[in-house]
Amino acid sequence: MDDFPEFMKCSANRIAASSQSTPGVEGYVFDGADGSQMAFWTCHQNATSAPHMHDYDEYMIAVQGCYTLIVGGKRIPVKGGEEYFIPRGLWHGGEVVAGTRTIHAFGGHRAQRAHQ
């Protein structure tokens, strides 16, 4: 597969551009009853994610392509099928290759929808 299934890309769940840390990314968000969120992102261009941190934990898995995390000056490639845990309070950013798809779980509210 080179894309997420259509049912996962409902326009009502599309993430607002203002909630994206990486340019050229299309994302959709789903909310947990406990305030957590899951996001599904597809990167349409090579891009850099600005350094940022969260006050909640983040888990990510690369479905396809490569997202290179940058943590404390260290570069950590996360390729298709690989996962990474980012604890709360850790500054991180990254570089992503066009065509990369990732799934992220956040222990808190991370993204606003485009229609909100």
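**Aromatic pairs and sheet pairing in a predicted model**

Good morning. The structure holds four aromatic pairs; rings of Phe, Tyr and Trp (its six-membered ring) pair if their centres lie within 6.5 Å, with planes under 30 degrees apart counted as stacked, over 60 as edge-to-face and the rest as tilted. In the pair formed by Phe-30 and Phe-40, the ring centres are 5.5 Å apart and the planes stand at 85°, so this pair is edge-to-face. Because Phe-30 belongs to strand β1 (residues 25–31) and Phe-40 to strand β2, the pair ties together parts that are ten residues apart in sequence.

Before I continue, a word on the source. This is a predicted model, in which local features need pLDDT of at least 70 and side-chain atom pairs count only at pLDDT 80 or more, while totals for chains, interfaces and linings use all residues. Residues are numbered from 1 along each chain as its sequence is written, and side-chain values use heavy atoms, with hydrogens and water left out.

Strands, as I use the term, are DSSP runs (E, at least two residues), numbered from the N terminus. For accessibility, buried means under 20% relative accessible area, exposed over 50%, and partly exposed in between (1.4 Å probe, protein chains only). On that scale Phe-30 is partly exposed at 29% relative accessibility, whereas Phe-40 is buried with a relative accessible area of 12%.

Another aromatic pair joins Trp-41 and Phe-106: the centres are 6.1 Å apart and the planes at 80°, so this pair is also edge-to-face. Trp-41 lies in strand β2 and Phe-106 in strand β9, so the pair ties together parts that are 65 residues apart in sequence. Trp-41 is buried at a relative accessible area of 9%, and Phe-106 is buried at 3% relative accessibility.

Phe-4, Phe-30 and Phe-40 form one aromatic cluster. The charged end of Arg-101 sits over the ring of Phe-4, 4.7 Å from its centre; the criterion is NZ of Lys or CZ of Arg within 6 Å of the ring centre and within 35 degrees of the ring normal.

I turn now to the sheets. In what order do the five strands of the open sheet follow one another? The order is β1-β2-β9-β4-β7, with antiparallel pairing; two strands pair if DSSP finds at least two bridges between them. The edge strands are β1 and β7 (83–86), each of which pairs on one side only. Neighbouring strands of this sheet are turned by 20° against each other on average, direction ignored; axes are lines fitted to C-alpha atoms, and angles run from 0 to 180 degrees between N-to-C directions.

Along this sheet, β1 and β2 pair in the antiparallel sense over seven bridges, and Phe-30 stands opposite Met-38 in β2. Met-38 in turn has Ala-105 of β9 as a bridge partner, and β2 and β9 are joined by six antiparallel bridges. Six bridges also join β9 to β4, again antiparallel, with Ala-62 opposite Thr-102 in β9. Strand β9 (residues 101–106) is mostly covered, five of its six residues being buried.

Thr-42 lies in strand β2 (residues 37–43) and counts as buried at 9% relative accessibility. Beyond residues up to four places away in sequence, Thr-42 touches Asp-3, Phe-4, Gly-24, Val-25, Glu-26, Thr-100 and Arg-101, a contact being heavy atoms within 4.5 Å.

Gln-64, in strand β4 (residues 58–64), is partly exposed with a relative accessible area of 22%. With which side chains does the side chain of Gln-64 make a polar contact? One is Asp-2, at 3.0 Å, and another is Arg-101, at 2.9 Å. A polar contact is a pair of N or O atoms within 3.5 Å; within protein, one must be able to donate a hydrogen and the other to accept it, and residues adjacent in sequence count only if both atoms are side-chain atoms. Gln-64 and Arg-113 are 49 residues apart in sequence and 24 Å apart in space, C-alpha to C-alpha.

Finally, the other open sheet has four strands in the order β3-β8-β5-β6, with antiparallel pairing. Its edge strands are β3 (47–52) and β6 (74–79), each pairing on one side only, and the twist averages 20° from one strand to the next. Within it, four bridges join strand β5 (residues 66–71) to strand β8 (residues 92–96) in antiparallel fashion, and Leu-69 stands opposite Gly-94 in β8. Thank you.
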